[in-house]
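Subject: The structure, and what turned up in it

Hi there,

Here is the structure I promised to pass on. Please have it open while you read, as my notes follow below.

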Amino acid sequence: MEPGGERELWRRRHLPELRHQAAEYYRSNEVPQRLEEALNATFYLRPADLYGHLANYFSKFSKPPVICKLIGRKVLDGVGRPTLEVEIFCTVKNYEKSICSIVVSSHSEILENASPEAMDADEKERNDSINRGLEWVNGSLNEMLRDLQPADQCKVDELLGEYFAKKVEEEKERKAIEKEEQEAAISAPACVPALSAVTPSGKKKGVKLGKKSSVAEKPISPAEPIEPVLCGSIAIGGLSLAVAKTGATINNTPLYLHLALMKHEQDLPKELTVPLPMVTLLSCGKSSSGKLKLMKEVMLIPPTEITVKQGIERLLEIQKQMMRLLDPVGKGPSVLKRISHLGCLITGCDSLEQPLILLQTACRNLGLELGIDVHLAINCAAHELMDYTKGKYEILTGTLKSPDEMVDMYVDLINKYPSIIALIDPLRKEDGHQWSNICNAVGSRCYLIAEDAAKSISKLVEDQNINVPKCSGLIIKYTNQTKISDLTELTRLLDGQRHIAILGSPAGESSDDSLVDLAVGLSARFIKLGGLSRGERVTKYNRLLAIEEELAKNGTLRSGENHEFVDFAEEAQTAEELLDALPPIEQDPWPSQHSQPLLTQDQNPVSLHGSTLHLNEATKMDPSIFP
């Protein structure tokens, strides 16, 4: 018998059994019932695309997409430095499909006027972190997240957090072993003379520092150690954001709505607000050619009563006018060469008032008034100006001021220029007492924003005792091991404390515009994207305008709210009155040895206009385990 005949004979013999299995299979999956419903409904609708309609109908009963593959790539950011791209593939209706990809910005800042050795070390650290992140994404994380639904952000973030904690412990163990080996080598007799030779030089350095510190009016607090960054941690933040964007894409929902639903626990507000942009116009910081070092960024903020689109158009006109003032001869290309990596104009100034007078002139030429038609914000970046040998800030070349003198200077500046409604990092985070003083002095009419103190979202969420000065709000940057769940939790806490949240872009930005969706979805008050130049920054402004247009079209755009400042001095007085009204507390003559001392103002645990921000306990990173 021919081979084909044998197959036909087998089929006829088993046909009744196959028919029974097929009927049972379709019946158990309710196929006949669904098919009957679809055909009856379709007949009355009679759509132009019959099979397209049937495909849409049956797609409602398909299994939810699950992650099937992750791909990590090394790409370049807006200034040509390596960073990480993450692409997520999902199994959708039995097919493997690429859903989305994101590019996460590197954590490291752009070094200005740094030595070649420092730049080489920074480049090596960045490359090592990206390479380690690629290993995680393409290896163990790929296996860990497989078959998970991207809509389950909490589960994904929980797994990512556990994975990161495990890597921290592994690094801690590696460092402990390395330390033991070094101690064993040092304990050898040949090393003893070297140790005795080092000790005197150490004493001499201490004497020199003592002499210099005596010159300062008051001793300053030493700089806190730089927050350790685990090599490869960029993969954690990149994957969390990529999963959020994947979940939004699968649900056919904009990312900002997807995030708003997460923050408000699926109870979407009727209206959403578009954050006000802080647009950087001038850079007069340490990298500029003039004597002025204090104003790293001079920023413009449009008024709340106009749309963001109208505000951007107004600020563009001011930028054009400023370029004419800086280049009156009309040599356009020479001005364009002075565009910084922040997308703004770099200009040298020799006094605090010079850039502000330039702005007044530019606005006056356009018939605009500072403080009414446009407001100002200044990024002081004071942590970059401290001369630790003299214990003072160098705000101008050769001009030094103590922390107390800085407070007086800011008060005078805001009194003279009330159009300044925000100061970013006016002092180091270590100068907690002066932060309190400046908040009490001008906090009722100016936002005092901490940026350098808020670089790591995860650290703010994990550590209850983190030292953040009293301030009006924080600039939040999405980097390293930050997860979307961290963002939603932190913004809820800030909202509860009447604090403003500002989403800020890192120095080395990419063309990925997810940051704007984060700001809108999480109801940030401001968004800080840099200037209106450079493609990676303009892309984000375009996304901001598109979201505003979409919300307005849907009737869900909330009009801008007036600025609300916190009167720190009044709140402090009210708190004192409440304390005075309380009955005296008898001191326990036998205090428990386990009782905790009250925290003083100098210890300052996440002080938010006089109150303590209570954060969830989580694994804390030990700075000693990182290089």
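Of the contacts in the protein chain with a separation of 6 or more, 72% are between residues 24 or more positions apart; contact here means heavy atoms within 4.5 Å. This is a predicted model, in which local features need pLDDT of at least 70 and side-chain atom pairs count only at pLDDT 80 or more, while totals for chains, interfaces and linings use all residues. Residues are numbered from 1 along each chain as its sequence is written, and side-chain values use heavy atoms, with hydrogens and water left out.

The protein chain has 627 residues, 45% of which count as buried (under 20% relative accessible area, with exposed being over 50% and partly exposed in between; 1.4 Å probe, protein chains only). Its secondary structure comes to 19 helices and 17 strands (DSSP runs numbered from the N terminus: H or I of at least four residues for helices, E of at least two for strands).

Now to the nonpolar cores (sets of buried Ala, Val, Leu, Ile, Met, Phe, Trp, Tyr and Cys residues joined through side-chain atoms within 4.5 Å). The largest has 120 residues, and Leu294, Ile318 and Leu423 touch the most other members. Helix α8 (residues 234-250) gives the most to this core, with nine residues. Domain 2 (66-178) and domain 3 (255-574) both contribute residues, so the core lies between them; the domain bounds come from an automatic or database domain assignment. Apart from this core lies another one of 14 residues, including Ala377, Ile449, Ile500 and Phe526.

Ile449 also belongs to strand β12 (residues 447-450), where Tyr447 and Ile449 point one way, Leu448 and Ala450 point the other way, and all are buried. Strand β11 (residues 420-424) pairs with β12 in the parallel sense over three bridges (two strands pair if DSSP finds at least two bridges between them), and Ile424 stands opposite Ile449. Between these two strands the chain passes through helix α14 (residues 432-442), and this β-α-β crossover is right-handed, that is, with the strands pointing away from the viewer, the path from the first strand over the helix to the second runs clockwise. β12 also pairs with strand β13 (residues 473-476), again in the parallel sense, over two bridges, with Ala450 opposite Leu474.

Two loop residues deserve a look. Asp425, in the loop between β11 and α14, has a positive phi of about 45° although it is not a glycine, and Asp425 is buried at 3% relative accessible area. Asn480, in the loop between β13 and α16 (484-496), has a positive phi of about 55° and is not a glycine either; its relative accessibility of 11% counts as buried.

Elsewhere there is an open antiparallel sheet of three strands in the order β8-β9-β10. Its edge strands are β8 (386-387) and β10 (399-401), and Met386 stands opposite Tyr393 in β9.

Finally, which side chain does Lys263 join through a polar contact of 2.6 Å? The partner is Asp495 (a polar contact being a pair of N or O atoms within 3.5 Å; within protein, one must be able to donate a hydrogen and the other to accept it, and residues adjacent in sequence count only if both atoms are side-chain atoms). Lys263 sits in helix α9 (residues 255-263) and is buried, with a relative accessible area of 4%. Beyond four places in sequence, Lys263 touches several residues, among them Thr488, Arg492 and Leu522.

Best wishes
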